[in-house]
Amino acid sequence: MARILGGIGASHAPSMEHVYDAGEDVRRNEEWEPLFGPFQQVSEWLSELRPDRLVVIYNDHMDEFFLNAYPTFALGVADEYPIADEGFGARPFPPLPGDSGLGWHIARSLVADEFDPTICQELEVDHGVISPLPMVDFAEGDAQWRIPIVPLAVNVILHPLPTPRRCFKLGQALRRAILSYPEDLGVVVVGTGGLSHQLTGPRFGQVTPDWDKEFMRRLAEDPESLCDYTHEDLIKLGGTESVEVVNWLAMRGALPLDARPVVEAYYAHKIMGYGLQALAAGPA
Amino acid sequence: MIDQDYLARLEAVQPRELPEDLDLFDEVSARRGIRLNKAAYSLKHPEQRELFARDEEAWMEQFGLTEAERDLVRRRDWIGLWRGGMSIYVMVKLSGVTGTPLPEIGRQMRESG
């Protein structure tokens, strides 16, 4: 049976792509070491853990899904996921390998559990997936992704949004889905987005480090306490776009309550509160 | 008739007491901005970016933008586009084809308060 080995919460942002694409010297310079150094630690942790699959909970930014029909939850069941062109040309990565068998299994299990995602046989992934993923899952020498993924997109853009509690429960349902998969696979669940940022209006660029650190502490120690926050609370605390943190909460819902952080980093820089947290699920 | 039960459920999803300088992309923006968002979303396709560069008016014509909306695009009025219901995520694509760096949009956003 499949096992859940751990989880990763990571911010996603085009800025992280620009830094990654600029090469090792920029990634490890004084400006970006506080974020990319810890990403290297997560990458090393992942190399030791050797997961067979990553389930990536993220949100699209109108690069695949649009307002004609916006899915609240959407699950990839494909064998590969091309990189979306976000308006500047797609980044030069090969498509991410998928696992349609695991994807369809998760789809059935979620629906049986009364979660009903839009099921996607074709899905282009944007920076919600591929701004953090190269740092932990791309072998630059071979120009190959290492670990097949199953992407799960959450609507954090078009209100009404699924509530934080709903997203935590989605994570719990995802856990049941993964643990019931008959193949012996080790799985790491990734949740991307946040932390504090505000991209519209007079508060453009505002970040709130105290809340971000509080969020990360609660996520690790007492994730259920975060279920009591409304989107309104999250927006007031971390900015309009910070509601993406529900993706972290869904990731946490898939882990055992006693999962513990093995890497943690927080870096408020320019217009983003960047967070990174790797959690080990402990002995299965 | 709206009953108490519905209002209680709404509490969980509908922010109601946000300060004026914090906004949401919701029914109001989604309805108001549908043409502008469709237009900017199209820029994920290289051929749409090429058309924008070659003939901006012809590019706008495809989406049935109102005259007021076309004017916002022509004037690169980012605040007006935002108030007109354009999502920041497709606005980024429009910033790309117009050569507008995000910090410039940010500067205008900050001065809008």
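Reply: Strand β2 of chain A pairs with strand β10 (residues 186-192) of chain A in the parallel sense, over 5 bridges. Here helices (H or I, at least four residues) and strands (E, at least two) are DSSP runs, numbered from the N terminus, and two strands pair if DSSP finds at least two bridges between them. Within this pairing, R53(A) has V187(A) of β10(A) as its bridge partner. The model is a predicted one, in which local features need pLDDT of at least 70 and side-chain atom pairs count only at pLDDT 80 or more, while totals for chains, interfaces and linings use all residues. Residues are numbered from 1 along each chain as its sequence is written, and chains are lettered from A and ligands numbered from 1 in the order in which they are written.

β2(A) is also joined by 5 bridges to strand β9 (residues 149-154) of chain A, and these two strands run parallel. There, V55(A) has V150(A) of β9(A) as its bridge partner.

A residue counts as buried if 20 or more other C-beta atoms lie within 10 Å of its own, exposed if 12 or fewer, and partly exposed in between, with C-beta atoms placed from the backbone. In a regular strand the side chains alternate between the two faces of the sheet. In β2(A) both faces are covered: R53(A), V55(A) and I57(A) are buried on one side, and L54(A), V56(A) and Y58(A) are buried on the other.
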